[in-house]
Amino acid sequence: MRAFNAELSKLFSLPGIWLAFLIGAFAPAVIAALDSIAQKEDIIAGINTRLLEVGYIGLALGVQGVIILGVLAVSSEYLTESSESGGGQQITTSLTVISSRLHFLLAKAGAVTVISILLCIVAIMTTVSATHLVLGQYTPALEWSKLLGAVCYWTFTALVAFGITVLTKNGTIPLAVLIINTSVVSFSFLLSKVTKLALYLPDRAGLEMFMFLSDRFLTPFTGGLVMSAWVVVLFIAAAIVFHRRDVAG
């Protein structure tokens, strides 16, 4: 628990973490509000076919906040400190204080998990408020089971970002790839046009937990199992690589 509390403290001390909070808390609400405005006339007229997606699409596209969180949690350890501080890396100090590398990773992953869950809950609150502000009485009721799926999706996505960054040590590659994949173009979607196996990739399987997909392939429960399996595999791979890696290498 001391290691967990230390990792929480380190995360909250990072300047970039506040950008993650800002994006995570308000980006889904902005996206949901814009989507609601674009569809408002059709919803009032009763001819809208995407009514059930309102709100959820904001939670799907606004996941970048926890991606930044997962990446920063690891990449910050490898940043070279100023010459006044000795020009070293935080990872050296962290592993001096916490001798077990597995405990270190578990504590850091636990901190990322807790913050991701809390951030998603805040995002749900702002998204519901924004949607209701635009649509009023026409706001669709959000299902608790799907909201739980959204929380799992955000948490698993943060842990996927965490695991990939442990493997690469560099935050640039996972940050760029994951943000592009969740906001601009989904590589899983493109690959699914070639092979159905792409539907088992973590981001695509995770969306099954709460999105109303026209080409649904997995049940929400199965989608959650597939994405959680990816998280477990990534964490095991990251733990093995991290255990064999030099402290500063």
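Leu197 is placed in the loop between α9 and α10 (202–207) of this predicted model. Its relative accessibility is 62%, so Leu197 counts as exposed, given that the cut-off for that class is over 50%. The C-alpha atom of Leu197 is separated by 28 Å from that of Lys169, and the two residues are 28 residues apart along the chain.

**Nonpolar surface patch**

A nonpolar patch on the surface is formed by Ile173, Val177, Ile180, Val184, Phe187, Phe189 and Leu190. Together these residues present about 640 Å² of accessible area. Two helices, α8 (172–183) and α9 (187–192), each supply at least two residues of the patch. One member, Phe189, has its place in helix α9. Phe189 counts as partly exposed because its relative accessibility is 40%, a value that falls between the limits of 20% and 50% for that class.

**Aromatic pairs**

The count of aromatic pairs comes to 7. Among them is the pair of Phe104 and Phe242, which is stacked, with 5.7 Å centre to centre and 20 degrees between the planes. This pair links distant parts of the chain: Phe104 belongs to helix α6 (residues 101–135) and Phe242 to helix α11 (residues 220–244), 138 residues apart. Phe104 is buried, with a relative accessible area of 2%, and Phe242 is likewise buried, at 3%.

Another pair joins Tyr200 and Phe217, whose ring centres are 5.5 Å apart; their planes stand at 90 degrees, so the pair is edge-to-face. It too links distant parts of the chain, with Tyr200 in the loop between α9 and α10 and Phe217 in the loop between α10 and α11, 17 residues apart. Tyr200 is partly exposed, with a relative accessible area of 35%, and Phe217 is also partly exposed, at 37% relative accessibility.

| Residue | Relative accessible area | Class |
|---|---|---|
| Phe104 | 2% | buried |
| Phe242 | 3% | buried |
| Tyr200 | 35% | partly exposed |
| Phe217 | 37% | partly exposed |

Ring pairs also link Phe12, Trp18 and Phe21 into a cluster.

**A charge over a ring**

Arg101 lies over the face of Phe242, at 5.5 Å from the ring centre.

Definitions and conventions: Residues are numbered from 1 along each chain as its sequence is written. This is a predicted model: local features need pLDDT of at least 70, side-chain atom pairs count only at pLDDT 80 or more; totals for chains, interfaces and linings use all residues. Side-chain values use heavy atoms; hydrogens and water are left out. Patches are made of residues with over 30% relative accessible area and no salt bridge: like charges are joined within 9 Å, nonpolar side chains (Val, Leu, Ile, Met, Phe, Trp, Tyr) within 5 Å. Accessible areas come from the Shrake-Rupley method with a 1.4 Å probe; for residues, only the protein chains shown count as cover. A salt bridge is a side-chain nitrogen of Lys or Arg within 4 Å of a carboxyl oxygen of Asp or Glu. Helices (H or I, at least four residues) and strands (E, at least two) are DSSP runs, numbered from the N terminus. Buried means under 20% relative accessible area, exposed over 50%, partly exposed in between (1.4 Å probe, protein chains only). Rings of Phe, Tyr and Trp (its six-membered ring) pair if their centres lie within 6.5 Å; planes under 30 degrees apart count as stacked, over 60 as edge-to-face and the rest as tilted. A charge sits over a ring if NZ of Lys or CZ of Arg is within 6 Å of the ring centre and within 35 degrees of the ring normal.
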